[in-house]
Amino acid sequence: MYKRLSIVMFPFLLLALIGASVWGYLEHQEKNTILIKAENQYQRAFHDLSFHMDKLHTELGNTLAVNETSEPSYRKGLVNVWRLTSQAQSDITQLPLMLLPFNKTEDFLANMANFSYRMSVRDMTKQPLTEAEMNTLNTLYAHSADITKEIQGVQNKVIANNLRWMDVETALASENEMHDNAIIDGFKIVDKQVGGYNELNWGTGSLNVFSKNDVKMLTGNEMTGDQIKKKAIDFLGVKDSTGIKVVENGGSAPEFQSYSVVIPSSDATQTDTQMDFTKKGGHLIYFMKSRDVPAAKFNLRQARDVANEFLDMHEYKDLSAISYDQYQNTATILFAKRENNVTIYPEQVTVKVALDTLEVTGLQATNYIYSQKQRKIGQPKITVDQARKQLSSKMKVTGESLAIIKNDLDEEVLCHEFIGTLNNNIYRVYVNADVGMEEKIETIRQDQVDAAKGKS
């Protein structure tokens with residue numbers, strides 16, 4: 001009986017063994033194919049990074065070689081610097097460096113791209129490069145040479161020793177802090193070197209990675225942790241203060257000083273509430289109470305009204321809704337300051353409202369808190385009719401007003417703001433009220449317009 005059963009089952013077992021072997025082989029081949037493809041992508045991105053950094057250094061040198069009064073040559077050179085820096089940034093994002101401290105180099109390249117872009121779009125016949133900006137370009141030329149040299153050194157080791165980027169990914173993902181890898185060591189050296197550079201004068205439009213919050217306009221005295229805790233309790237109406245944590249941030253630098261507050265949720269299924277306050281004056285700059293919103297029982301107009309009341313109850317005054325969005329049954333409404341019938345877009349507050357109960361679940365007011373200042377809003381030199389000539393003759397204008405926005409140079413400019421329709425799309429167009437040139441164009445969704453009119 002056993003012999004007969006063995007004879008019957010043997011072919012099936014043999015087929016199963018062969019099938020498992022074939023499946024295992026195919027799985028192994030597929031895995032190898034994926035690994036080879038990933039390795040090739042990493043190698044391509046790395047060699048592209050080395051190439052673009054070398055070209056960037058060369059382009060900076062070419063730009064400095066011409067007379068600074070030669071606007072076309074300088075503009076062309078700066079555009080190329082911006083393009084190459086952006087490409088280098090893109091190359092870095094394609095490398096497995098997420099677990100490797102490389103933020104100083106990334107910040108440096110981001111500011112270089114921003115600096116060169118702002119210089120390239122500026123009218124140099126009216127605003128020629130200053131001595132400080134020329135010094136910055138010369139320093140960038142020297143620094144880019146150092147970075148290029150280090151990256152090319154890593155590249156030579158990769159080629160000579162046939163190093164693999166997949167080993168880098170494995171090493172970084174391991175819990176062992178000691179990473180013996182030539183590529184990792186090389187990139188650490190680059191980032192350490194960049195971190196040792198003296199802070200450059202990036203101008204007024206530098207990115208937030210280096211910019212400092214302006215605390216001069218903040219009102220009030222320095223707050224203690226206990227005072228901030230009380231403000232958080234009063235704001236939320238919390239009865240039980242047990243478990244509330246207050247952490248001071250920013251060290252000795254006034255522009256970064258703040259307090260973070262965590263209020264534990266009474267419901268185990270919900271996340272804790274988080275808040276951030278400025279140290280000077282105790283102004284609330286961030287509030288988030290994340291929770292599930294199972295259904296939308298109210299519309300954007302109702303959410304806007306609740307958000308308006310919420311802002312009026314607190315320190316955020318004279319704001320008007322300028323943008324609406326809805327995601328996962330939560331409304332996100334953007335407000336901007338209104339002063340003398342002029343919308344001041346730099347002073348913005350974002351409010352999140354749950355559409356099941358109209359509870360305010362979030363607030364972001366950093367731009368509002370740190371952008372407040374005394375502005376002298378002058379009269380526009382360009383009339384509305386003159387500014388309208390910048391629009392397409394086919395656009396049907398449905399609204400017009402004055403607004404202050406930040407242009408590409410990060411400068412505040414007074415504009416004529418037009419809302420109009422063209423080709424079944426709704427646009428918001430800003431025309432400089434002093435020189436009559438178009439500054440910015442934005443597309444508006446129909447539901448945002450409906451919410452503004454109270455139709456949603």
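Predicted model: local features only at pLDDT ≥ 70, side-chain atom pairs only at ≥ 80, totals over all residues.
At what angle do the axes of helix H2 and helix H3 cross? Residues are numbered from 1 along each chain as its sequence is written, and side-chain values use heavy atoms, leaving out hydrogens and water.

**View 1. Helix H2 (residues 71-93) against helix H3 (residues 103-120).** The two axes cross at roughly 155° and come within 8 Å. H2 and H3 are therefore roughly antiparallel (an angle over 145 degrees). H2 passes H3 in a left-handed crossing. Contact means heavy atoms within 4.5 Å. Among the contact residues are Leu78, Trp82 and Ile92 of H2 and Leu109, Met112 and Tyr117 of H3. The contact residues divide into 12 nonpolar, five polar and two charged.

**View 2. Helix H3 against helix H4 (residues 131-161).** Here the axes lie 12 Å apart, at an angle of about 140°. H3 and H4 are therefore oblique to each other. This crossing is left-handed. H3 contributes Phe108, Met112, Phe115 and Met119. H4 contributes Glu133, Thr136, Leu137, Leu140, His143 and Ile147. Seven of these residues are nonpolar, two polar and one charged.

**View 3. Thr273 in strand E3 (residues 273-278).** Thr273 has a relative accessible area of 8%, so Thr273 is buried (under 20%, with a 1.4 Å probe and protein chains only). Leaving aside residues up to four places away in sequence, Thr273 touches Leu236, Val261, Val262, Ile263, Phe287, Met288 and Lys289.

Key: Axes fitted to C-alpha atoms, helices over the stretch in contact; angles between N-to-C directions. Helix = DSSP H or I, 4+ residues; strand = E, 2+ residues; numbered from the N terminus. Parallel < 35°, antiparallel > 145°, perpendicular 65-115°, else oblique. Left-handed = near helix turned anticlockwise from the far one by under 90°. Nonpolar A, V, L, I, M, F, W, Y, C, P; charged D, E, K, R; others polar. Buried < 20%, exposed > 50% of the residue type's maximum accessible area, 1.4 Å probe, protein only.
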